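Please read this briefing alongside the sequence and the model shown here.

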Amino acid sequence: MHILVTNDDGVFAPGLQALAQALRDLGKVTVVAPDKNWSACGHAKTLTRPIRVEEVSLADGSPAFACDGAPSDCVALACLGMIEEKIDMVVSGINPNANLGHDITYSGTVTAAMEAIIWKLPGIAVSVDSPNGHEEPIDFSLAAHVGARVAKMTLEHTLPENVLLNVNVPYVGKDALKGIQVTRQGIRKYRDKLLRRADPHGKPYYWIGGDPPVGVPQAGTDAGALAEGYVSITPLTLDLTAYDHQETFTAWNFT
Ligand code: MN
């Protein structure tokens, strides 16, 4: 079993190391991850410049590849043959914040797992809902344990084609965890504010700021499960067709 591990926070992020360590119980782990933070980069594909890869060592001494492309580039490069040994699964994370609702199209963590679908490989994204502005080092141990457990079960059951798993783990101790819910994609409320400032030359620049998003805690959704203290596992597909509305638009009789 050969598992590719990546993330969107950068190869040296502690969440990636915790995930890689936990997955080594299941087989060989190869890490190919961005050399900087790509959070909220979406499903990117770098085509207009060369992509560089360097061999690095993580804090625990394990080898990794640092790539100057996006998380999805890391997966594509590995699958295109940069990594010679056949890859059986892609696991992305552990992102230090939850990826819920509409986050999934922004999230580099989730889009790395989406890229696995392109390569017909099982893809799993793992995020932990640590509190915003958390000052202590984040404890990734429960999320790493859950991520490895989901990966193990995915290998045993095999994922349907075109389906990836978005796993979100509440930031609680192991004993406080209520269980695991299979959920649907919920709703995020963004609280973005546009900041307009002047650069040293007097020219305006913009920065998207504001408070972090909140999840609408509806039962059965990703945000709902987290709010109740459950791990949320949402099966996602890259087929974004609005099936419920196909008839509506057919009735428009486009001419
Ligand atoms: Mn991130």
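The points that follow cover a metal site, a helix with its surroundings, and some backbone features.

This is a predicted model, in which local features need pLDDT of at least 70 and side-chain atom pairs count only at pLDDT 80 or more, while totals for chains, interfaces and linings use all residues. Residues are numbered from 1 along each chain as its sequence is written, and side-chain values use heavy atoms, with hydrogens and water left out.

**Manganese site**

- The manganese ion has as its protein donors Asp 8 (OD), Asp 9 (OD), Ser 39 (OG) and Asn 95 (OD1), at 2.1 to 2.3 Å; donors are N, O and S atoms within 2.8 Å of the metal (3.2 Å for Na, K and Ca), and sites may look incomplete because water is not among the atoms.
- Helices (H or I, at least four residues) and strands (E, at least two) are DSSP runs, numbered from the N terminus.
- Asp 8 is buried, with a relative accessible area of 2%, and Asn 95 is buried as well, at 7%; buried means under 20% relative accessible area, exposed over 50%, and partly exposed in between (1.4 Å probe, protein chains only).

**Helix H4 and its ends**

- Helix H4 (residues 108-118) includes Ile 118, and 10 of the 11 residues of H4 are buried, so the helix is largely enclosed by the rest of the structure.
- Among the buried residues of H4 are Gly 108, Thr 109, Met 114 and Glu 115.

**Backbone features**

- Most residues other than glycine have a negative phi, and most peptide bonds are trans.
- Lys 120, in the loop between H4 and strand S6 (123-129), has a positive phi near 55 degrees and counts as exposed at 62% relative accessibility.
- Ala 40, in the loop between strand S2 (28-34) and strand S3 (53-57), has a positive phi near 65 degrees and counts as exposed at 54% relative accessibility.
- Gly 93 and Ile 94 are joined by a cis peptide bond with omega of about -5 degrees, and Ile 94 is found in strand S5.
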